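I opened this model to look up a few local features and wrote down what I found. The entries follow in the order I made them.

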Amino acid sequence: EEAVINKVLRQDIIHCTTWGIQDGLARVENDSARLLKFLSPLGRYRPYSRRLYLPSASGGKAFDFVDYDPLAFQALRELFGLSAEDYRASFAVPADSVASMIENFTEGRSGSFFFVTHNGRFLVKTITLSERNVLLDMVDDYAVHLEAYPASLLTRFVGVHAIRMSPEQKAITFAVMENVFAHASNLVLHERYDLKGSTAHRIVLPPTAATDPTHPLHPSRDPTKPIKGTMKDLDLLRTLDVGEVCKAALESQVAADALFLNSKHIMDYSLLL
């Protein structure tokens, strides 16, 4: 019974979030003059809140939905080369894709969740209120940085929203970001690392790779066999030769991105390898 409840809840969240995003996109395209009325005296857009209803085919459920700074994120999507048509298509969930999205849906405590759009283009992930505030406070400077550094390694955020599934529930805030693996679906991912440049608690696998032939990173292992999960700094046991040109470009870009984050007093930065 609990599994059935979770499945229904996941389905509702997927339908409501994707429908709300589509609705917000239509409002930005067709009613931007009305959105300007939400401009605050300090020059920032207030949350754009409204009550929405799912189509009858999706259950007709009523829910509250919020777009944060919708015009700013529309400008970001344009900067990233994302057309309104492609973005809308990513959240128009085909009926035959709902089951797989539910299966890959991840949920945590306090109503947190994470899922990937049906076409793999975008990630939808809950964020805390403090994370929301930081992102909204820096969105204009973030856009300037990404425009100046189109090869930036920073996450491409394309939307921030909130949803309330019922009057009794607290609103859940979430961000939409581009999936860096979306254009590599034809590649086999053998190893994946989350690197912070630190050694404190930065290991996932047992540190026996050199002596244990059953270790996933032992020199005798089959290099064509993918390693499951995401490893960390101390799991990376070899030097990677990317060439001088790529090395110089990578060092320069990481330095520029780190300088931007430092200017926003953000220090929790990882490099996905």
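I started with His 265, which is found in the loop between H7 and S10. Helices here are DSSP runs of H or I with at least four residues, strands are runs of E with at least two, and both are numbered from the N terminus. The model is predicted, so local features need pLDDT of at least 70 and side-chain atom pairs count only at pLDDT 80 or more, while totals for chains, interfaces and linings use all residues. Residues are numbered from 1 along each chain as its sequence is written, and side-chain values use heavy atoms, with hydrogens and water left out.

I looked up phi for His 265 and found it near 60 degrees, a positive value in a residue other than glycine. Most residues other than glycine have a negative phi. His 265 is exposed, with a relative accessible area of 76%; exposed means over 50%, buried under 20%, and partly exposed in between, with a 1.4 Å probe and protein chains only.

I then checked Asp 69, where phi is near 45 degrees, again positive in a residue other than glycine. Asp 69 sits in the loop between strand S2 (62-67) and H3. Asp 69 is buried, at a relative accessible area of 4%.

Next I went through the salt bridges (a side-chain nitrogen of Lys or Arg within 4 Å of a carboxyl oxygen of Asp or Glu). By this rule I have 9 of them. Arg 202 has a salt bridge to Asp 194 at 2.9 Å, N to O. Arg 202 counts as buried at 7% relative accessibility, and Asp 194 as partly exposed at 26%.

Arg 202 also meets Asp 233 in a salt bridge, at 2.9 Å, N to O. This pair links distant parts of the chain, with Arg 202 in the loop between S8 and S9 and Asp 233 in the loop between S9 and H7, 31 residues apart. Both Arg 202 and Asp 233 are buried.

I noted Lys 196 and Asp 268 as well: their closest N and O atoms are 2.6 Å apart in a salt bridge. The two lie 72 residues apart, Lys 196 between strand S8 (193-195) and strand S9 (231-232), Asp 268 between helix H7 (244-263) and strand S10 (271-272). Lys 196 is partly exposed at 34%, and Asp 268 is exposed at 60%. Elsewhere, Asp 23, Arg 27, Arg 50 and Asp 67 are linked in a network of salt bridges.

Of its 48 residues, Tyr 87, Phe 113, Tyr 142, Ile 163, Phe 174 and Val 176 touch the most other members. Helix H6 (residues 129-148) gives the largest share, 6 residues. Apart from this core lies another, of 7 residues, including Leu 195 and Met 231.

Which residues does Tyr 142 contact, leaving aside neighbours within four places in sequence? I listed Leu 76, Phe 80, Thr 155, Arg 156, Phe 157 and Phe 260, with contact meaning heavy atoms within 4.5 Å.

Last, I looked at helix H3 (residues 70-79) and H6, which pack at an angle of about 20 degrees with axes 11 Å apart. Axes are lines fitted to C-alpha atoms, for helices over the stretch in contact, and angles run from 0 to 180 degrees between N-to-C directions. That makes H3 roughly parallel to H6, a label for angles under 35 degrees. Contact residues include Phe 73 and Leu 76 of H3, and Val 139 and Tyr 142 of H6.

Terms used
Core = buried A, V, L, I, M, F, W, Y, C linked by side-chain atoms within 4.5 Å. Parallel < 35°, antiparallel > 145°, perpendicular 65-115°, else oblique.
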